[in-house]
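This report describes selected features of one protein model.

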Amino acid sequence: MTLNELYKDLDYVNHSREKRAYYAQLIVDNPDAMRHVLEILFMVDDPRSNRAGWLAEFAIKEDVTIILPHLDYFTSHMHTVYQDSALRPVAKICEYLTTAYYKYEHPETKKKLLSNHKNHITECGFDWLITDQKVAVKAYTMSTLFYLGTEIDWIHPELQRIMEDGYHTGSAAFKARCRHVNKWIKKFNKLQS
């Protein structure tokens, strides 16, 4: 699948799970196409950018390994995404990566997700938390930063401070995720002592 073919096919991808799942499976079956998906995702002013994000998210949910050869590209460009409908899948992909690495200890992810990738994800994550983003982006990011904070000790205190600062003005969904992540942090701290 060429970049031009994929770009044209994105006209047929819509919000329906069925369409996203169908095209994501095409990417899973042809993992080399993931680079093209990411290239379109990072065409941040293009209306197809968000569709590429949906596709990437669904494909990576099916098989996290398809993003691993592209981690340098993904993590060095993710900060450029700003449209809500494209940013949500980027945040979700970060959550998939850190969950695979820390929770499931996926061997290939542990080998490929390096400290420079984690640093980019951490930096973007904190930027997303302190700027005006949708709740889904912030929720996925809180989970991502929790997992990163199990390795990088300064993350949990900073994450807790930001959650506390935003708690009183946050939505019900934001508050629920804050409570959830705070429980994870307390449990993690208890296990470490």
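## Salt bridges and their surroundings

R35 counts as partly exposed, because its relative accessibility is 32%. The model is a predicted one, and the values below are computed from it. The side chain of R35 meets that of E39 in a salt bridge, with 3.1 Å from N to O. Both residues belong to helix α3 (residues 34-41), and because they are 4 residues apart there, about one helical turn separates them. An α-helix has 3.6 residues a turn, so residues three or four places apart point the same way.

A second pair of this kind is found in helix α10, where D165 and R161 are also 4 residues apart and thus separated by about one helical turn. Their side chains form a salt bridge at 2.8 Å, N to O. D165 is exposed, with a relative accessible area of 52%, while R161 is partly exposed at 41%.

The salt bridge of K118 with E151 has its closest N and O atoms 2.8 Å apart. K118 lies in helix α8, whereas E151 lies in the loop between α9 (135-149) and α10 (155-167), so this pair ties together parts that are 33 residues apart in sequence. K118 is buried, with a relative accessible area of 4%, but E151 is partly exposed, at 43%.

| Pair | N to O distance |
|---|---|
| E39 and R35 | 3.1 Å |
| D165 and R161 | 2.8 Å |
| K118 and E151 | 2.8 Å |

In total, the model has 7 salt bridges. K92, E95 and R177 are linked in a network of such bridges.

## A histidine in helix α8

Helix α8 comprises residues 115-130 and contains H117. Is H117 buried or exposed? H117 counts as buried, because its relative accessibility is 3%, and the limit for a buried residue is under 20%. Its side chain reaches the backbone nitrogen of L114 at 2.9 Å. If residues up to four places away in sequence are left aside, H117 touches L71, D72, T75 and K112.

A disulfide is a covalent bond between the sulfur atoms of two cysteines. How many disulfides does the model contain? The count is 0. C124 takes part in no disulfide, and the nearest cysteine sulfur, belonging to C94, is 7.1 Å away. For C178, the closest cysteine sulfur is also in C94, at 18 Å, which is too far for a bond. C124 is buried, with a relative accessibility of 6%, and C178 is buried as well, with a relative accessible area of 1%.

## The two sides of helix α10

Helix α10 has 13 residues, which at 1.5 Å a residue should span 18 Å; the C-alpha atoms at its ends are 18 Å apart, in agreement with that value. Which residues of α10 are buried? They are I155, H156, L159, I162, M163 and G166. These residues cover an arc of only 130° around the axis and therefore lie on the same side of α10. The buried residues are covered by elements that include α8, α9 and α11 (172-192). On the other side of α10, E164 and D165 are exposed. D165 is the residue that meets R161 in the salt bridge described above.

Note on methods. Residues are numbered from 1 along each chain as its sequence is written. This is a predicted model: local features need pLDDT of at least 70, side-chain atom pairs count only at pLDDT 80 or more; totals for chains, interfaces and linings use all residues. Side-chain values use heavy atoms; hydrogens and water are left out. Buried means under 20% relative accessible area, exposed over 50%, partly exposed in between (1.4 Å probe, protein chains only). A polar contact is a pair of N or O atoms within 3.5 Å; within protein, one must be able to donate a hydrogen and the other to accept it, and residues adjacent in sequence count only if both atoms are side-chain atoms. Contact means heavy atoms within 4.5 Å. A salt bridge is a side-chain nitrogen of Lys or Arg within 4 Å of a carboxyl oxygen of Asp or Glu. A disulfide is a pair of cysteine sulfur atoms within 2.5 Å. The expected span of a helix is 1.5 Å times one less than its number of residues. The arc is that of the directions from the helix axis to the C-beta atoms.
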